[in-house]
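Thank you for making the time this morning.

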Amino acid sequence: SVVATRGLINAAFVSAEAFMPVMLLAVYGVSPATAGIALTAGAVGWAIGSFLQARVPGPRRHLLLAGGSGLLTLSIGGTGLLAGAQGPFWLLVAVWSLAGVAMGAALSSTSVLVLDASSAADRGKNSASLQLSDQVGAVAGTAVGGVLLAVLVQQDPVGQESGYSLMWLVLAVFAVIGTAAGIRSASVRPSTGKVHSQA
C-alpha cells in the first residue's frame with residue numbers, strides 16, 4: 001500500500017505541475033516569469049512539508065501518508081475548480097503551495113515506512129520497488145494529462161477554462177486512490193511483521 005501510494009500521488013502531482021505553466025499562460029495570460037511563481041510556491045510548500053514530517057514520531061507516520069494524500073486531492077481538485085472559474089491568481093498559488101506541503105509530508109514518509117516495514121535482506125528490493133513506482137507514476141500521470149490536454153483543451157469541445165478544470169479534476173482521481181491506499185497502510189503496523197519479497 002505504501003509503494004502504491006507513492007506512485008499514485010506522484011502521478012497526480014507531477015502531471016498537474018507539468019501543465020500548470022501552460023494553463024497559467026493560456027487561461028490567466030500571465031508572463032512565463034509570473035507563471036513560475038506558482039511552481040516556486042509548490043517547491044516552498046514541499047520544503048515545509050518535508051521539514052514538518054521529520055518531526056512526526058514513527059508510529060504516527062502513516063497518518064502523514066493518508067493525510068498528505070488527502071490534502072493533495074483537495075489541492076489538485078481546488079486548482080481545477082479555480083482554473084474553471086478563473087479564480088484569483090494569488091489564491092491559485094496558495095492552493096498549489098498546499099499541494100507542495102502535501103507532497104513533502106507524504107512522499108518523504110513513504111521511504112521511512114518502507115524501510116521500517118522491510119527486513120534487512122529485503123530493504124534494497126523494496127526500496128527499488130518504491131523508486132520504480134515513483135517513476136511509473138510520474139510517466140503514467142503525465143501521459144494521462146497529455147491526452148486530456150489534447151482532447152479537452154486543444155480540440156476545445158467544452159471551452160478552454162472548462163477543459164483545464166476537467167483535466168485537473170481527473171488527475172485528482174490519482175490522489176483519491178492514493179489516499180485510500182495511504183489509509184490502508186495504517187491497517188498493518190510495522191511492529192507486527194516485516195514485508196518480505198516473494199522471490
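Let me begin with His62, which is buried, at a relative accessible area of 14%, and please keep in mind throughout that this is a predicted model. The cut-off matters for that reading, because a residue counts as buried under 20% relative accessible area, and the 14% of His62 therefore falls on the buried side. His62 has its place in helix 3, and if you look across from there you will find Arg184, which is 122 residues away along the chain although the two C-alpha atoms are separated by 9.1 Å.

Staying with helix 6, I would point you to Thr179, which lies in that helix and is buried as well, with a relative accessible area of 15%. Once its neighbours within four places in sequence are left aside, Thr179 is in contact with Ala66, Ser69, Gly70 and Thr73.

Now to the aromatic residues. How many aromatic pairs does a search of the whole structure find? The search gives four, and one of them is formed by Phe13 and Trp96, a stacked pair with 5.1 Å from centre to centre and 10 degrees between the planes. Because Phe13 belongs to helix 1, residues 2–28, and Trp96 to helix 4, residues 89–117, this pair ties together parts that are 83 residues apart in sequence. Phe13 counts as buried at 2% relative accessibility, and Trp96 is buried too, with a relative accessible area of 0%.

A further pair is made by Tyr164 and Trp168, whose ring centres are 6.3 Å apart and whose planes stand at 40 degrees, so this one is described as tilted. Both residues sit in helix 6, residues 160–184, and since they are four residues apart there, about one helical turn separates them. Tyr164 is buried at 2% relative accessible area, while for Trp168, also buried, the value is 0%.

Helix 2 deserves a moment of its own. It covers residues 32–53, has 22 residues, and reaches 32 Å from its first C-alpha to its last, close to the 32 Å expected at 1.5 Å a residue. Which residues are buried in helix 2? They are Ala35, Ala38, Ala41, Gly42, Gly45, Gly49 and Gln53, and the buried residues of this helix pack against helix 1, helix 3 and helix 4.

Finally, the core. The largest nonpolar core has 45 residues, and those with the most contacts inside it are Met23, Leu24, Leu72, Ile76 and Trp168. Helices 1, 2, 3, 4, 5 and 6 each supply at least two residues of this core, and helix 1 gives the most, with 13 residues.

Notes: Residues are numbered from 1 along each chain as its sequence is written. This is a predicted model: local features need pLDDT of at least 70, side-chain atom pairs count only at pLDDT 80 or more; totals for chains, interfaces and linings use all residues. Side-chain values use heavy atoms; hydrogens and water are left out. Rings of Phe, Tyr and Trp (its six-membered ring) pair if their centres lie within 6.5 Å; planes under 30 degrees apart count as stacked, over 60 as edge-to-face and the rest as tilted. Buried means under 20% relative accessible area, exposed over 50%, partly exposed in between (1.4 Å probe, protein chains only). The expected span of a helix is 1.5 Å times one less than its number of residues. Contact means heavy atoms within 4.5 Å. A nonpolar core is a set of buried Ala, Val, Leu, Ile, Met, Phe, Trp, Tyr and Cys residues joined through side-chain atoms within 4.5 Å.
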